[in-house]
Amino acid sequence: MRLIAVRRAVQILAVAGLCALPWVNAAGWRGVSGSFFALDFLGIPFADPVGAAQVAAMGFLPAGRLLAGALLSLGLALLLGRVFCSWVCPYGLLSELVYTLRWRRSGARLVVRQAFWGKILLLVLGLVAALGVGFPVLGIVSLPGELSLLPVLAWQGDEAWALLGAAAVPLVALLLEFATGKRLWCRFVCPQSVLLGAAAKCLPKGAPGLRIDWQAGKCTCKGKAPCQQACSLDLNPRCKGGPERHDCTHCGDCVSTCAAYGKALGWAAKEGERV
């Protein structure tokens with residue numbers, strides 16, 4: 001439970017910092033600036049890899065810092081997995097909170113495999129559309145980026161309709177998730193999760209990098225799977241090497257739950273080597 005509390009605190013601090021950023025920048029401090037489309041953090045560039053891919057799809061060479069930021073984001077995903085999704089992403093926080101409220105009311109679950117391939121198809125279609133219209137259309141459905149722009153619009157004093165327009169897609173997605181009790185966007189749509197997940201999947205066996213490790217001999221569940229019930233994405237952690245790295249966000253909910261069932265799940269810096 002301590003890990004869950006720490007993660008939630010990090011998520012809230014990330015959102016709070018994002019909300020305060022335009023006013024802090026206006027006051028003269030520029031140590032951190034930008035949005036989740038392209039963020040400068042103490043001189044280190046981070047960028048949405050999908051954004052860089054769209055620039056390339058439209059026939060342009062991404063600017064140096066945009067390309068460097070995208071590669072750095074992919075490099076972190078390679079080593080740490082999709083930690084951005086569960087530790088930093090503002091939509092991830094909102095989606096988890098909505099899921100928790102709905103799950104406590106209904107308990108309904110949805111098990112659909114091969115969701116990642118569907119997201120790949122949507123990403124490819126988006127890149128083709130960007131090439132066709134000469135506009136980064138996937139930016140409209142980049143929920144981390146769209147939400148990170150809301151404080152900027154508020155600081156600029158934009159009309160309420162402008163704020164509502166920027167928040168429209170996230171609001172509709174959250175309403176659908178509340179109505180269904182499933183984390184639909186993160187599982188089946190989010191284009192950012194495709195490239196981050198693909199990078200995470202590329203970690204070679206035996207190479208150092210954050211993993212969730214499952215040791216079958218320690219499992220005391222006897223057919224039950226409380227760890228899978230704890231996963232809001234309904235992944236199965238009870239397999240060699242842990243859940244699929246391209247799907248798993250390394251939120252640690254399964255590890256925290258497993259602590260009461262023999263500690264068969266744990267964090268590993270290398271395959272089979274617990275942290």
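At roughly what angle do the axes of α2 and α10 cross? They cross at roughly 105° and come within 8 Å. Helices here are DSSP runs of H or I with at least four residues, strands are E runs of at least two, and both are numbered from the N terminus. Axes are lines fitted to C-alpha atoms, for helices over the stretch in contact, and angles run from 0 to 180 degrees between N-to-C directions. α2 and α10 are therefore roughly perpendicular to each other, a label for angles of 65 to 115 degrees. P49, V50 and A53 of α2 meet Q192, L195 and L196 of α10, where contact means heavy atoms within 4.5 Å.

This is a predicted model: local features need pLDDT of at least 70, side-chain atom pairs count only at pLDDT 80 or more, and totals for chains, interfaces and linings use all residues. Residues are numbered from 1 along each chain as its sequence is written, and side-chain values use heavy atoms, without hydrogens and water.

Stay with α2. Helix α2 (residues 49-57) also packs on helix α3 (residues 64-80), at about 135° and with axes 8 Å apart. That makes α2 oblique to α3. Buried residues (under 20% relative accessible area, 1.4 Å probe, protein chains only) in α2 are P49, V50, A52, Q54 and A57. They pack against β3 (44-47), α3, α6 (115-133) and α10 (192-201).

Now the ends of α2. At its start, a side-chain oxygen of D48 reaches to within 3.0 Å of the backbone nitrogen of V50. Just after α2, G59 takes a positive phi of about 95°.

Next, the core. A nonpolar core is a set of buried Ala, Val, Leu, Ile, Met, Phe, Trp, Tyr and Cys residues joined through side-chain atoms within 4.5 Å. The largest one has 26 residues, of which Y91, W185, I212, C254, V255 and L265 touch the most other members. At least two core residues come from each of α5 (90-106), α7 (143-156), α8 (160-180), α9 (184-188), α12 (253-258) and β5 (265-270). Beyond its neighbours within four places in sequence, L265 contacts residues including I212, W214, C254 and V255.

Finally, R211. This residue lies in strand β4 (residues 211-214). R211 counts as buried because its relative accessibility is 9%. Its side chain reaches the backbone oxygen of G209 at 3.2 Å. Leaving out residues up to four places away in sequence, R211 touches G266, W267 and A268, among others.

Terms used: Buried means under 20% relative accessible area, exposed over 50%, partly exposed in between (1.4 Å probe, protein chains only). A polar contact is a pair of N or O atoms within 3.5 Å; within protein, one must be able to donate a hydrogen and the other to accept it, and residues adjacent in sequence count only if both atoms are side-chain atoms. Angles under 35 degrees count as roughly parallel, over 145 as roughly antiparallel, 65 to 115 as roughly perpendicular and the rest as oblique.
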